[in-house]
Amino acid sequence: MIAIGGVAVAVNTTDSAFFALLQERYSGFVDDAAAAEFEFDIDLRRPVGLQPDAPVQVTCRDGRWYMQRGDFQAELEPASGRGRIRQTANPYSIDAVLRITHSLLLARHGGFLLHSASAVRNGKAFLFAGVSGAGKTTIARLAPRDATLLTDEISYVRKSGEVYQAFGTPFAGELAKLGENVSAPVSAVYLLAQGDTNRVEPVGEADAGRGVLANLLFFAEEPDMVHKAFEAACDFVKCVPVYRLTFVPDQRVWELIG
Amino acid sequence: MYIARSSRIAARKLGEEMLVMSGLDSTLFTLNATATILWQAADGETPLQQIVERRICGEFDVAQPEALRDAEMLAETLARHGILVVSDRPIAGAASSKA
């Protein structure tokens with residue numbers, strides 16, 4: 001059972017070596033006592049009919065979600081919570097399926113996955129958003145000892161009432177390190193920019209919306225789900241302050257955070 | 001020309017800007033002030049000429065023929081991106097929710 005953001009996904013495989021690989025890969029997020037919200041059976045065979053470098057595609061037909069990429073084919077029936085994945089023993093494939101599944105679930109409830117590092121400091125979560133090369137892993141590496149890293153790559157934001165909560169994830173970037181399986185209310189989002197000085201500047205609502213939407217992880221090619229993800233991001237920037245953080249890659253930047 | 005908001009989009013005004021996302025490919029657009037006026041007035045029933053006369057000419061102090069020509073081009077551009085629906089007759093069942 002892989003539990004992320006309080007949502008447990010059971011992954012069934014008869015291959016003991018692959019099972020051991022998953023146990024190790026998601027250690028810290030394995031919770032066999034949790035009640036599974038979704039359950040996938042894994043068929044360890046190469047998917048058929050796909051180009052190896054085919055991009056991810058997520059579609060909805062007849063109440064079922066179909067997910068595929070060059071390295072996996074998966075389907076999930078949300079109503080029953082049951083699904084199956086066809087893939088080789090490649091952990092990146094199951095990783096992608098988990099990200100897609102969580103992004104779909106979060107969108108239904110006003111949450112989302114964001115291309116950002118995140119950390120907890122003084123009981124508050126801070127997100128650092130940006131595309132590859134913006135400095136997410138750098139900010140994570142520079143975090144002081146009193147900050148708890150949730151992720152250096154993909155942040156998990158869930159809405160609970162009027163509060164947005166950020167959760168640790170096992171989705172690691174260049175840091176190659178799982179986040180801590182903890183959570184905290186989101187206090188601020190920083191849009192990263194590298195420069196020759198450290199400064200924080202408030203960002204207007206429209207720029208905040210654009211900044212969050214540009215970093216949103218969402219895969220579904222289905223207008224209703226896109227609508228939900230869009231609304232989730234717009235609601236979020238109306239509640240959580242967004243800043244532009246220009247920083248020099250050294251630890252002094254963290255004097256501005258928390 | 002008649003214009004209506006596409007039903008396959010998501011839109012929200014943040015600050016003073018209208019953000020619109022295509023439901024088909026998640027492309028994000030930001031509408032400028034003129035485009036926002038057209039967008040908000042695009043009910044499928046009001047002729048574009050009337051929208052321009054009532055909402056744009058006065059607001060931006062521009063002559064009607066020029067403003068209408070620009071509005072038609074803008075509407076066609078937005079239609080190509082799937083944000084608006086354009087027709088030479090009233091559009092039945094146009095998206096009625098206020099953006």
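**Strands, helices and domains**

Trainee: Which residue in strand 6 of chain B is the bridge partner of Y2(B)?
Mentor: This is a predicted model, in which local features need pLDDT of at least 70 and side-chain atom pairs count only at pLDDT 80 or more, while totals for chains, interfaces and linings use all residues. Residues are numbered from 1 along each chain as its sequence is written, and chains are lettered from A and ligands numbered from 1 in the order in which they are written. Strands (E, at least two residues) and helices (H or I, at least four) are DSSP runs, numbered from the N terminus. In strand 6 of chain B, the bridge partner of Y2(B) is S87(B).

Trainee: Over how many bridges do strand 1 and strand 6 of chain B pair?
Mentor: Two strands pair if DSSP finds at least two bridges between them. Strand 1 of chain B covers residues 2-5, and its antiparallel pairing with strand 6 of chain B runs over bridges numbering four.

Trainee: Which strands stand at the edges of the sheet in chain B?
Mentor: Three strands form an open antiparallel sheet there, in the order 5-1-6. Each edge strand has a single partner, so one side of it is left without a neighbour in the sheet; these are strand 5 (43-47) and strand 6 (84-87).

Trainee: What is the sense of helix 1 relative to helix 2 in chain B?
Mentor: Axes are lines fitted to C-alpha atoms, for helices over the stretch in contact, and angles run from 0 to 180 degrees between N-to-C directions. The axes of helix 1 (residues 33-41) and helix 2 (residues 48-60) of chain B come within 11 Å and cross at roughly 155°. Angles under 35 degrees count as roughly parallel, over 145 as roughly antiparallel, 65 to 115 as roughly perpendicular and the rest as oblique. The crossing therefore makes helix 1 of chain B, relative to helix 2 of chain B, roughly antiparallel.

Trainee: Which element supplies the largest share of the side of domain 1 of chain A that touches domain 2 of chain A?
Mentor: Counting residues as in contact if their C-beta atoms, placed from the backbone, lie within 7 Å, 19 residues of domain 1 of chain A meet 21 residues of domain 2 of chain A. Strand 4 (57-61) and helix 2 (91-108) of chain A each supply at least two residues of that side of domain 1. The largest share, nine residues, comes from helix 2 of chain A.

Conventions:
Contact = placed C-beta atoms within 7 Å.
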